[in-house]
Amino acid sequence: MPKPGWLRVKAPQRERIGQVADLLQDLKLNTVCQEASCPNIGECFAGGTATFLIMGPGCTRACPYCDIDFDKSVRELDPSEPERLGEAVARMGLSHVVITSVNRDDLGDGGASQFVACIEQVRRRSPLTSIELLIPDFCGNWDALAAVMAGAPEVLNHNIETVPRLYKQVRPQGIYSRSLELLQRVRQGWPRTYTKSGLMGGLGESDAEVWSVMADLREHSVDIVTIGQYLSPGPKHLAVDRFVTPEQFEAFRLYGEQELGFLQVVSSPLTRSSYHAGEVQRLMREHPR
């Protein structure tokens, strides 16, 4: 299926992204920008931002929409990774950092301890930097969630990804109700943290199903939602079912902000979970907790 014009982006130029890429290589860090083949890598790297991918690059889940490598082997965590990540944040001078991870179902706590260690290193080296975590579901281990939240991230993101009807096909090891429960638990247990979730369009869902998921997220006290176009990474991944128009993405945004009352809905063809994540600082100023 040929891509429409609104999905075309300029190929990232080496001179635009080289400084960030070189720093990441020097510190032996992974980013979801690179591992998941994000179409916004040129814009974000040129702006000196990146979403750090810890405990990777291999993931213990093989979601058919994702370009991150599958690896279900038991692997030890790298104890130096948090310190290297903290160094990168300091050297980049980030005011807001996003830290995400692959799924690590081989670990008893799903990798919660590594998130905590990363938070500690960022706080130590860059105390004024706000922290956003994009976490897996920890297989419903709420003690692991509590350990992560004890680090007091400003934003906790957990993506719902798609509509319930498509979970078995798109996110076979995920559970829709469990993801909603995770988001609700965060808001109830740590009310000062802003909650966030995201989903993809173009996997076979209807517009009505998207409306329904947005309503579910708001009912579970989510503050921020991101909605973007699914782009298939390759022939071994799920095919694109449709290209959602910019007008429909705008309709999702208006519905979410004006009808449902989200603090922010970022909805466009090229939106990704961490795209323009730094804007959350404006929301925190406008809606302090």
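Predicted model: local features only at pLDDT ≥ 70, side-chain atom pairs only at ≥ 80, totals over all residues.
The largest nonpolar core comprises 35 residues, and F52, L85, I99, F115 and L133 have the most contacts inside it. Both helices and strands supply this core: two or more residues come from each of the helices α1 (14–26), α4 (81–92), α5 (112–125), α6 (142–149) and α8 (176–189), and from each of the strands β2 (51–54), β3 (96–101) and β4 (130–134). Helix α5 provides the largest share, with five residues. Another core lies apart from this one; its 32 residues include Y65, V163, Y167 and V244.

The surroundings of I99 can be followed residue by residue. Leaving aside residues up to four places away in sequence, I99 is in contact with F52, I54, L85, F115, C118, V122, I131, E132, L133 and L134. One of these neighbours, C118, has a relative accessibility of 0% and therefore counts as buried. C139, by contrast, has a relative accessible area of 42%; because this value falls between the limits of 20% and 50%, C139 is partly exposed. The structure contains zero disulfides.

Attention now turns to open space in the model. The second largest pocket has a volume of about 190 Å³. Its lining consists of M149, A152, P153, E154, W190, R192, T193, Y194, M284, P288 and R289. Sorted by class, the residues lining this second largest pocket are seven nonpolar, three charged and one polar.

How values were computed:
Residues numbered from 1 in each chain as written. Heavy atoms only, no water. 1 Å grid on protein atoms, 1.4 Å probe; cavity = no way out; pocket = protein on both sides within 12 Å on 5 of 7 lines; lining within 4 Å. Points joined across faces, edges and corners; volume = space filled by probe spheres on them. Nonpolar A, V, L, I, M, F, W, Y, C, P; charged D, E, K, R; others polar. Core = buried A, V, L, I, M, F, W, Y, C linked by side-chain atoms within 4.5 Å. Buried < 20%, exposed > 50% of the residue type's maximum accessible area, 1.4 Å probe, protein only. Helix = DSSP H or I, 4+ residues; strand = E, 2+ residues; numbered from the N terminus. Contact = heavy atoms within 4.5 Å. Disulfide = S-S within 2.5 Å.
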